[in-house]
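Colleague: I would like a close look at one part of this model, with its surroundings. Please keep it brisk.

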Amino acid sequence: MKFENSLAFARKLDKEDALKEYRKLFFIPKVNGKPAIYLCGNSLGLQPKAVEKELKLELKDWKNLGVEGHVYAKRPWLYYHHLFSKPMANIVGAKADEVVVMNQLTVNLNLLLISFYQPRGKRTKILIQANEFPSDYYAMEQQIKLHGLKPKDCLLEVTPRKGEATLRTEDILQTIEKYKNELALVMFSGVNYYTGQFFDLQKIAAAAQKHHITVGLDLAHAIGNVPLKLHDWGVDFATWCSYKYLNSGPGGVSGIYVHRKHGRNPQLPRLAGWWGIEEQTRFEMPKNFVPQSGAAGWQLSNAPILSMAAHKASLDIFDKVGMKALRKKSEHLTAYLEFLLKQHPQKDFRIITPARKEERGCQLSIQTLRNGRSLFDRLTKAGVIADWRKPDVIRVAPVPLYNTFEEVFRFAELLR
Ligand SMILES: *Cc1c(COP(=O)(O)O)cnc(C)c1O
């Protein structure tokens, strides 16, 4: 489609938008009494209006039933996580028994590394992307130390070429090939939080598996943003958070994916808790830990129902829209933002997110070339909620569920 740089055109796109009704399902934050231009769903997704109803339902059942709510609540707490099997499996492209909702992202990353980072002999290295999210570094470094190894010997980074901001797939694949006898694990973020680059996960997984190297993914910035087919790609394990594109509230509950071939292997090392055993025998309190089959066998503790109620309100929306329609609008919306930004002289900023739609989600990372911080502060004053990342990047994420073409247009005007 040929885009035009005008408010009338942006409004026309909004009118034709097949998902335009979904914005009404969310609360839009206000700045100075007016709706903000909220482009920060990559950091914290907006609140679905249905959250309150779902939370109230659980508060009411708790109030009226006490402990009996585990079995007699409208949505019995003992089995609450089952509500998410199908919707989450759809979002990540997995079988229902390959996913479970539990804990927080970094906790889950640690749990999964215990199972899937098994350095042996010469194979001790973890391949990661340069500029990975700090929490992931911390987790991996400590896991390496727990094996009596040194992070500087074991963490191997793929870095961008000189003068480039993002990674080339060929460089990732070549690094895997080069270190095939030393790699225990390839641990990649599906979408990089800083640059917004979406990696060719299928190719990366295939290259690793050719040499029997385990593949794990952090999907914090990918989930609910880009299409995923974890099972078909043969990814071994993955985890994510639900408070970014999944709109499930600050500190919302995380989830994991474990491929069936591992989920059905009770011998795999893991941390254990009573929520990981068969549901039928849980209250018989058996002394020996036998994990239940599937991702659910990684659960430790009983479930945070209040967080999960917010998660349910949000996933009901995803279930209705579907990732396919969401991605379609997302590509269009981000392409429009990119088009508008390119109308401006490029001496003050440049977009470092890849231009090909296969290599990005909805986020564009705008690298400022001078006075970036004061530019960002002025945008904030003008009612834009975006995100500043040191040293010089403004991240903006038009989210297809609730952002409009008009907002994208107004943002580009303000930036100019
Ligand atoms: C957001 C994010 C996190 C945050 O971890 P929490 O445990 O949820 O606080 C970790 N890793 C990546 C890549 C992220 O984008």
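Modeller: Some terms first. A residue is buried under 20% relative accessible area, exposed over 50%, and partly exposed in between, using a 1.4 Å probe and protein chains only. Asn371, with a relative accessibility of 57%, therefore counts as exposed. Bear in mind that this is a predicted model: local features need pLDDT of at least 70, side-chain atom pairs count only at pLDDT 80 or more, and totals for chains, interfaces and linings use all residues. Residues are numbered from 1 along each chain as its sequence is written, and side-chain values use heavy atoms, with hydrogens and water left out.

The part I pick is strand E5, residues 125–129. Helices (H or I, at least four residues) and strands (E, at least two) are DSSP runs, numbered from the N terminus. In E5, 5 of the 5 residues are buried, so the rest of the structure largely encloses this strand. Here is the general rule: side chains in a regular strand alternate between the two faces of the sheet. In E5 both faces are covered. Lys125, Leu127 and Gln129 are buried on one side. Ile126 and Ile128 are buried on the other.

Now the neighbours. Two strands pair if DSSP finds at least two bridges between them. E5 pairs with strand E7 (residues 183–189) in the parallel sense, over 3 bridges. Across that pairing, Lys125 stands opposite Leu183 of E7. E5 also runs parallel to strand E6 (residues 155–158), and 4 bridges join them. There, Gln129 faces Val158 of E6.

Step back to the whole sheet. It is open, has 7 strands and mixes its pairing, in the order E4-E10-E9-E8-E7-E5-E6. From one strand to the next, the twist averages 20°. Such angles run from 0 to 180 degrees between N-to-C directions, with axes fitted as lines to C-alpha atoms, for helices over the stretch in contact.

Elsewhere in the order, strand E9 (residues 237–240) and strand E10 (residues 255–258) run antiparallel, joined by 4 bridges. Phe237 stands opposite Val258 in E10. Helix H4 (residues 85–92) packs on the sheet. H4 touches E4 and E9, and its direction makes about 120° with that of E4. Contact means heavy atoms within 4.5 Å.

For another buried site, look at Glu407. This residue is found in helix H15 (residues 405–415). Glu407 has a relative accessible area of 7%, so it is buried. Leaving out residues up to four places away in sequence, Glu407 touches Arg23, Ala36, Ile37, Tyr38 and Tyr402.

Finally, some loops. Asn371 belongs to the loop between strand E12 (364–368) and helix H14 (372–381). Its phi is near 50°, a positive value in a residue other than glycine. Asn32 also has a positive phi, about 50°, although it is not a glycine. Asn32 lies in the loop between strand E1 (30–31) and strand E2 (34–35). With a relative accessible area of 69%, Asn32 is exposed. Pro391 sits in the loop between strand E14 (387–389) and strand E15 (393–396). The peptide bond leading from Lys390 to Pro391 is cis, with omega near 5°.
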